[in-house]
Amino acid sequence: MTTTSNQSAQGYVEDPRNEDVLVYVNGEFVRRDQARVSIFDSGFVLGDGVWEGLRLVNGKLISLEAHLDRLFEGAGSIALDIQLGRDGIRTALLETLKRNNMQDGAHVRLMVTRGTKKTPNQDPRFVIGDATVVIVAEYKTPKPEARERGLSLFTSTFRTSAPDVFDLRLNSHSRLNLIQALIQAINAGADEALMLDPRGFVASCNSTNFFILRGGELWTSTPGWSFRGITQGSVLKAWQADGRPGRECDFTLGQVYAADEAFVTGTLGGVTPVTRIDGRVIGDGRPGPLTREAYRLYLAAVT
């Protein structure tokens, strides 16, 4: 695989403190090198589970209740019973942070699978016991180069899917089509894949949501063909609350190439500028002032 790019929308600064973090595994806290789940676990066997990524800033998990809403809605839609319940999951998250003495600059990955199976097959009736719950909290600061220089995107041939095929609004452990798109982008020398929906309109990136700015107006994709980003929603809401024009709409790749600015949103990076797409320079090729303003408004709204 070619690795001509040294950035990633998921990249972060290495932190030696992560070597000693304690991981929550089904009610127990263990060192990261000792954290284990069964090879018969539904997540390992089939990718049968849901997850959330959360960011800790100044002692606060950003948009915690919105993340819990999405987690339990997704679990309910696939008939996955999270026996801990909402309060139990919230308590486990907070206890994980407490055990690791984390107050700021951490990213949390909450993973819930259907549980251990009697045998590796698709049938959920072969699950024995409760759901598997794992929480990994790590110190993660996005690489400053990504925000200073902006990301490069490549438009993948892999399309996003409709809800009747694979509902991307479920934060499912199954992400293979998104990984395939990212591999294409990496081999093309880009940092992240831009993905179109089956109609040919811009949907999202493989791990982030996508925005463009045209004439001072902020556009992001409609939610029918892409995953429902909590950061995406917060950025758009903060922009509109400041009296600025912004909307969810269908737009084409041609309109993207002609945009004044572009950026992606996600839990880890917040708002990250995009300066090149398919080898084309966006705007003047540098992170733009409205992208910085969108980030400022977002931080003010959620922290």
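1. A cavity, in the sense used here, is a set of grid points where a 1.4 Å probe fits but cannot get out, and its lining residues are those with an atom within 4 Å of such a point. Please keep in mind throughout that this is a predicted model. By that definition the structure holds three cavities of 30 Å³ or more, and I take two of them in turn below.

2. Which residues line the second largest cavity? Its volume is about 60 Å³, and the lining is made up of Arg55, Ile62, Ser63, His67, Ile230, Thr231, Ser234, Thr267 and Tyr298. Helix H6, which spans residues 230–241, gives the most to this lining, with three residues. By class, the lining divides into three nonpolar residues, five polar and one charged.

3. The largest cavity has a volume of about 100 Å³, and its lining draws on Gln7, Ser8, Ala9 and Gly11, on Pro142, Lys143, Ala146 and Arg147, and on Leu268, Gly269 and Thr272. Sorted by class, four of these lining residues are nonpolar, five are polar and two are charged.

4. Turning to the sheet, six strands are arranged in the order S3-S2-S7-S6-S4-S5, the sheet being open and the pairing antiparallel. Strand S3 (28–31) and strand S5 (60–61) stand at the edges with a single partner strand each, and therefore one side of each has no neighbour in the sheet. Helix H2, residues 64–77, packs on this sheet and touches S4, S5 and S6, its direction making about 175 degrees with that of S4.

5. How many bridges join strand S4 to strand S6? There are eight, linking residues 49–57 of S4 with residues 106–113 of S6, and the two strands run antiparallel. Within this pairing, glutamate 52 stands opposite leucine 110 in S6, while leucine 56 has alanine 106 as its bridge partner in S6. As background, the strands of a sheet pair through backbone hydrogen bonds, in either a parallel or an antiparallel manner.

6. Strand S4 also pairs with S5, through two bridges and again in an antiparallel manner. Leucine 56 takes part here too, with leucine 61 as its bridge partner in S5. The two strands form a hairpin with two residues between them, and asparagine 58, in the turn, has a positive phi of about 50 degrees.

7. Is strand S4 largely enclosed or largely open? Eight of its nine residues are buried, and so S4 is largely enclosed by the rest of the structure; buried here means under 20% relative accessible area.

8. Helix H3, residues 85–99, lies across strand S2 (22–25), S3, S4, S5, S6 and strand S7 (132–139), and runs at about 35 degrees to S7. In the loop between H3 and S6 lies asparagine 101, whose phi is positive at about 55 degrees although this residue is not a glycine. Asparagine 101 counts as exposed because its relative accessibility is 62%, and the cut-off for that class is over 50%.

9. Asparagine 26, in the loop between S2 and S3, likewise has a positive phi, of about 50 degrees, without being a glycine. With a relative accessibility of 43%, asparagine 26 counts as partly exposed.

Definitions and conventions
Residues are numbered from 1 along each chain as its sequence is written. This is a predicted model: local features need pLDDT of at least 70, side-chain atom pairs count only at pLDDT 80 or more; totals for chains, interfaces and linings use all residues. Side-chain values use heavy atoms; hydrogens and water are left out. Two strands pair if DSSP finds at least two bridges between them. Helices (H or I, at least four residues) and strands (E, at least two) are DSSP runs, numbered from the N terminus. Contact means heavy atoms within 4.5 Å. Axes are lines fitted to C-alpha atoms, for helices over the stretch in contact, and angles run from 0 to 180 degrees between N-to-C directions. Buried means under 20% relative accessible area, exposed over 50%, partly exposed in between (1.4 Å probe, protein chains only). On a 1 Å grid over the protein atoms alone, a cavity is a set of points where a 1.4 Å probe fits but cannot get out, and a pocket is an open set with protein on both sides within 12 Å along at least five of seven lines; lining residues have an atom within 4 Å of a point. Grid points are joined across faces, edges and corners, and a volume is the space filled by probe spheres set on the points. Ala, Val, Leu, Ile, Met, Phe, Trp, Tyr, Cys and Pro count as nonpolar, Asp, Glu, Lys and Arg as charged, and the others, Gly among them, as polar.
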